[in-house]
Protein chains: 2
Amino acid sequence: MGVKVAVNGYGTIGKRIADAVLRVKDFELVGVAKYTVDYSALLAHRNGIRIFTPREKFAEFRNAGVEPEGTVEDLVDGADIVYDASPGKQGAKNKELYVRYNKPAVFQGGESPEVAGLSYSTLCNYEAAIGKKYVRVVSCNTTGMLRIICSIGTGQLDSVFAVIVRRASDPREDHRGPVSSIALDSSTIPSHHALDVKTVVGDVSIETVALVVPTTLMHMQVMNVKLKKPLSTDELAGLLRSSGRILVLDSTLLKIDSTGKIVELSRDANRPRYDIYENVVFSNMVKLAKEAFTLVQAIHQEAIVIPENLDVAYAMMNLETDPLKVVKKVNEALGIGALQGIIPSEAKAS
Amino acid sequence: MGVKVAVNGYGTIGKRIADAVLRVKDFELVGVAKYTVDYSALLAHRNGIRIFTPREKFAEFRNAGVEPEGTVEDLVDGADIVYDASPGKQGAKNKELYVRYNKPAVFQGGESPEVAGLSYSTLCNYEAAIGKKYVRVVSCNTTGMLRIICSIGTGQLDSVFAVIVRRASDPREDHRGPVSSIALDSSTIPSHHALDVKTVVGDVSIETVALVVPTTLMHMQVMNVKLKKPLSTDELAGLLRSSGRILVLDSTLLKIDSTGKIVELSRDANRPRYDIYENVVFSNMVKLAKEAFTLVQAIHQEAIVIPENLDVAYAMMNLETDPLKVVKKVNEALGIGALQGIIPSEAKAS
């Protein structure tokens, strides 16, 4: 029997965590909490996932042919650990429930850092999460930047300047804009991403500017990183690849020079929901200068935080002290690394 | 009588140059060369603009109700100066014609720098264009960056790092993509923009990365500029404003936080074709650090180079030696500065 996992909320992140939990033999999915009847509830039910709902929603779910397994409280009570995958800021309200039932809980990046004692990203601070009761996994763009920063090592960095070109919405959020503008993501510099990075690695000097553009597929990031001492091309490529979470590919060799084409690769590789768990770094868009480098990477906003969500449970539940072993285990369960295999070895940072 | 101006090519840039020439009393529009019958030819004809075409197209234009005034050669022969506004790389072929008729010619940024002895941007090198026979006005993104760089002064700059978020196409180019991707603009770093900046100010250390996004309205640029010595907020704001070509506005005060809203401002201000000749710098997105600043600006790709195109003729035709006087004259003719008047004085770089 694995660790009993509950997922509270079954939207973009919740459904992906639930499916990922089902693929990891150390975990057992107790069920998911769902608050509205929709297609995803019906699909989950058909796939044998146990659905819990607020008591006042029982009739509504029964009408739709879904017999609730119990209340949200029942779900939490029966779990060893809870993933809170509710909409931003709702997690802070849900915490009361986890406290009442004395359950460890993983919160998402949409919550403020105060919701948990620790903001987390595996390559940066796995050890700090060992035995912790409440941890917040930082959001997509922050995770993408932290994987780069912590692959290099914060001690090696002088400063980071990043421009984030954000997708306007997820594919299903067709009520959101902008439709044809480029918009400011925040009204000041830095965007919240720099502050969020600092919740994990407080000693890094970082500035971020974010713009929002009319696409749904992925974010793109341009990172300009100043180093304390020079790195060779091979050293940098080695650090990025050895992280286990960064796919390095040559856009000219593979003819993959856009987020649309990355998604097509993932669809052709039969990734579930075409989810791309890795940072996708274009090797030909990595430029080393004396004590600095610039890189361009694409980040799949819906999927990138899923591996880190699984990782952190190994720490919180005291299952493993070595992050490398955890990354290896989770990568195997999610099929991360299989894509890297198709990339010829000569396609490296240049 | 003003300087006799011919415009060879009547597309996105050509029609704007022609209309701008009509507004400057020092110039007289001899006519435009048009190579295909379309709505813009009919509109120009109706508006009294003389249309010249290749001889073999006379019948086609006559059929459409447009009597050609003569051949393209006739147009060039009757002008004191020619604007080449043909599609990229065609200008180099057209140059033979300008040489044959011994006419000064202004080329656009789509041509390679070799087409003219000088690549040009008013705030940087007006004086170098005085009396020159052939000059190339650099393209939209380059013009946008050069206005910032030369407002500050190249001697004040240590280095520039810029990320350019490009519109996918102009509004009428509805055959172009991407429709929903974020795409790399080039397969290496820097993008061509850094190289193009150096054609004007060769001594500036600059790196650029460009991404293409699915919108048609304007580009956005994030510039991170390292200075040789610190500037105060007021000094920086003063330098930008005194350029005469940079509109500084507060996105929170005016509720203009996207390219779509900038365009709406320009439409409401009755700018012809909603053309925005100024760099639009968001004052609340200007952040000064010790010896550096970051800014975000929007650039209207269709219109931004029009003032520089007019300016340069004053230099080439030996009409004026002082660029400040030329900028003032052209700004008045095009209505540049009127928008700045609506911006409260407290809305400044912060």
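Two salt bridges are counted between chain B and chain A, a salt bridge being a side-chain nitrogen of Lys or Arg within 4 Å of a carboxyl oxygen of Asp or Glu. The model is predicted, with local features requiring pLDDT of at least 70 and side-chain atom pairs counting only at pLDDT 80 or more, whereas totals for chains, interfaces and linings use all residues. Residues are numbered from 1 along each chain as its sequence is written, chains are lettered from A and ligands numbered from 1 in the order in which they are written, and side-chain values use heavy atoms, with hydrogens and water left out.

One salt bridge links the side chains of Glu207(B) and Lys287(A), at 3.1 Å from N to O. To the contact (heavy atoms within 4.5 Å), chain A contributes 40 residues and chain B 40 residues. The area buried between the two chains is about 3,200 Å², and carbon and sulfur atoms give 72% of that area; buried area is the accessible area (1.4 Å probe) that two parts lose on being put together, summed over both.

Asp257(A) lies in the loop between helix H10 (251–254) and helix H11 of chain A; helices (H or I, at least four residues) and strands (E, at least two) are DSSP runs, numbered from the N terminus. Leaving aside residues up to four places away in sequence, Asp257(A) touches Ser251(A) and Phe282(A), as well as Ala183(B) and Leu184(B). Asp257(A) is partly exposed because its relative accessibility is 26%, where buried means under 20% relative accessible area, exposed over 50% and partly exposed in between (1.4 Å probe, protein chains only).

In helix H11 (residues 259–268) of chain A, the residues Thr259(A), Ile262(A), Val263(A), Leu265(A) and Ser266(A) are buried. Viewed down the axis of H11(A), these residues fall within an arc of 155 degrees and therefore line one face of the helix, the arc being that of the directions from the helix axis to the C-beta atoms. Their cover includes strands E11 (219–227), E12 (246–249), E13 (279–289) and E14 (292–299) of chain A. Just after H11(A), Asn270(A) adopts a positive phi of about 60 degrees.

Elsewhere in chain A, seven strands form an open parallel sheet in the order E3-E2-E1-E4-E5-E7-E6, two strands being paired if DSSP finds at least two bridges between them. Strands E3 (51–52) and E6 (118–120) of chain A each have a single partner strand, so one side of each is left without a neighbour in the sheet.
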